Amino acid sequence: MKPIQIAENIYWVGAIDWDVRDFHGYSTNRGTTYNAFLIMGEKITLIDTVKKSMKADLIARIREIVDPEKIDYIVVNHVEMDHSGALPEMMELIKPEKLICSTMGQKALVQHFHREDWPYEIAVPGKDVSLGEKTLSFLETRMLHWPDSMFTYVKEDKILFSSDAFGMHLGTSERFDDQVDPAILMEELTKYYANILTLYSPLVKKLIVKVKEMGLEIKMIAPDHGVVWRKNPMMAIEAYERWSRHEGKGNAMIIYDTMWHSTEMMAKEVANGLQDEGISVKLYNLRYNHRSDVMKEALDASAIILGCPTLNNGLLPRMAGFLMYMRGLRPTNKIGAAFGSYGWSGEAVKLLNEAMTEMKFDLVDDGIKVKYVPEAGELSHCVELGRKVGQALKEKL
Ligand code: FEO
């Protein structure tokens, strides 16, 4: 239950959720943390709280440093319940002089907790709040990833409290980037961006430009999940900048589901065609791969080829659910193609094409559908489809 000092008079007092494995549809295989921070200024300030079920951890860590009743301000960077669930009880315990949040944050807090009487103070970009020896500045980051989202910056320490941005679902007793295997950091950072921020990429791009123009010096980034970036905050910023462009790395992925292995046979032949063209390809059978892991890979893919048999005039449920999820995240700038087996009606390929057209993928072909079980000639067509995608990819790169 020890707090961890991240800078002079600034402490991590959050909670580690070792057990969470599903975060509104995102698989969190390594758990997560809900980060909250205590600034011991003349005005003692708590930045963010934690999930309701974890409030005892937050309170215990605060008590190691100060009596919670002595806290003067609470800053809410983001209203989503993983950071505000404990807020009503913390408000009762602390009775702060100010509850600092964005304009949209105030609205969302009222809509969540129905308390108009809390001492809201709107965080205004350009209007600093002095805590005595430390000063808070605010950046409005609307729709990154909620309307209320904002960042808080401590001028003297050059620490950016970035809410969900630059975070990751990683439950660990280590608090800093230099204490965790860089491969794990990059894997979880990628997965977080892919599953939370892909659709807000145009706003991420603008925000990074704005931060650069402001000349904001960032020594440390302290997000609300995972580790604090103290050694290499630029690694996270540069990754966000790259992902926000949706460029892809030139590789292909085949995402499919299969009923009696016909579509699977087709997937393997499409992969052979891609390999013939020298394209790196990975196959993802949705039966064995979680949608959020597939989206992690999709972030950097340049071509996405979807395969699904027809079931009851539609798609297999796992593919239908995956498409709903992917369309919501709106990956762009991909080359696409579709294939699938059928018994009598055969709508799946058309439905896959429609979904990809809606996402503005460049379709290289009308797609291939095969009745029941593919014979040798049809499998050759699948190889051809793979080659066609591969050639289109090479032309694009
Ligand atoms: Fe970690 Fe958007 O909440």
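I take two strands as paired if DSSP finds at least two bridges between them. The model I examined is a predicted one.

**Entry 1: a pair of strands**

I looked up Y153 and found that its bridge partner in β15 is L160. Strand β14 covers residues 150-154 and strand β15 covers residues 159-161; 3 bridges join them, and they run antiparallel. I then asked in which order the strands of the open sheet lie. The order is β12-β13-β14-β15-β16, with mixed pairing among these 5 strands. At the edges I found β12 (129-130) and β16 (220-222), each of which pairs on one side only. I noted as background that strands of a sheet pair through backbone hydrogen bonds, either parallel or antiparallel.

**Entry 2: the whole chain**

I recorded 12 helices and 24 strands for the protein chain. Along the principal axes, its C-alpha atoms fill a box of roughly 75 × 40 × 35 Å. Of the 397 residues, 58% are buried. Among contacts with a separation of 6 or more, 73% come from residues 24 or more positions apart. The accessible surface is about 16500 Å², and carbon and sulfur atoms account for 51% of this surface. I also looked up the charges: the mean positions of the 48 positive and 56 negative charges lie 1 Å apart.

**Entry 3: salt bridges**

How many salt bridges does the structure hold? I recorded 28. I noted as background that side chains of opposite charge can pair when their charged atoms come close.

I examined E64 and K2, which form a salt bridge with their closest N and O atoms 3.2 Å apart. E64 lies in the loop between α1 (55-63) and β9 (73-75), whereas K2 lies in the segment before β1 (4-7), so this pair ties together parts 62 residues apart in sequence. E64 is partly exposed at 44% relative accessibility, and K2 is exposed at 59%.

Next I looked up K51 and D17, whose salt bridge has its closest N and O atoms 3.2 Å apart. K51 is in the loop between β8 (44-47) and α1, and D17 is in strand β3 (residues 15-17), 34 residues away. Is D17 buried or exposed? Its relative accessible area is 6%, and because buried means under 20%, D17 counts as buried. K51 is partly exposed, at 27%.

Finally, I looked up the salt bridge between E92 and R115, at 3.8 Å from N to O. This pair links helix α3 (residues 87-94), which holds E92, to the loop between α4 (103-113) and β11 (120-122), which holds R115. I also noted one network, in which salt bridges with shared partners join R30, E187 and E188.

Note on methods: Residues numbered from 1 in each chain as written. Predicted model: local features only at pLDDT ≥ 70, side-chain atom pairs only at ≥ 80, totals over all residues. Heavy atoms only, no water. Helix = DSSP H or I, 4+ residues; strand = E, 2+ residues; numbered from the N terminus. Buried < 20%, exposed > 50% of the residue type's maximum accessible area, 1.4 Å probe, protein only. Contact = heavy atoms within 4.5 Å. Areas by Shrake-Rupley, 256 points an atom, 1.4 Å probe, with all protein chains shown as cover. Lys, Arg positive; Asp, Glu negative; His and termini not counted. Charge placed at Lys NZ, Arg CZ, Asp CG, Glu CD. Salt bridge = Lys/Arg side-chain N within 4 Å of Asp/Glu carboxyl O.
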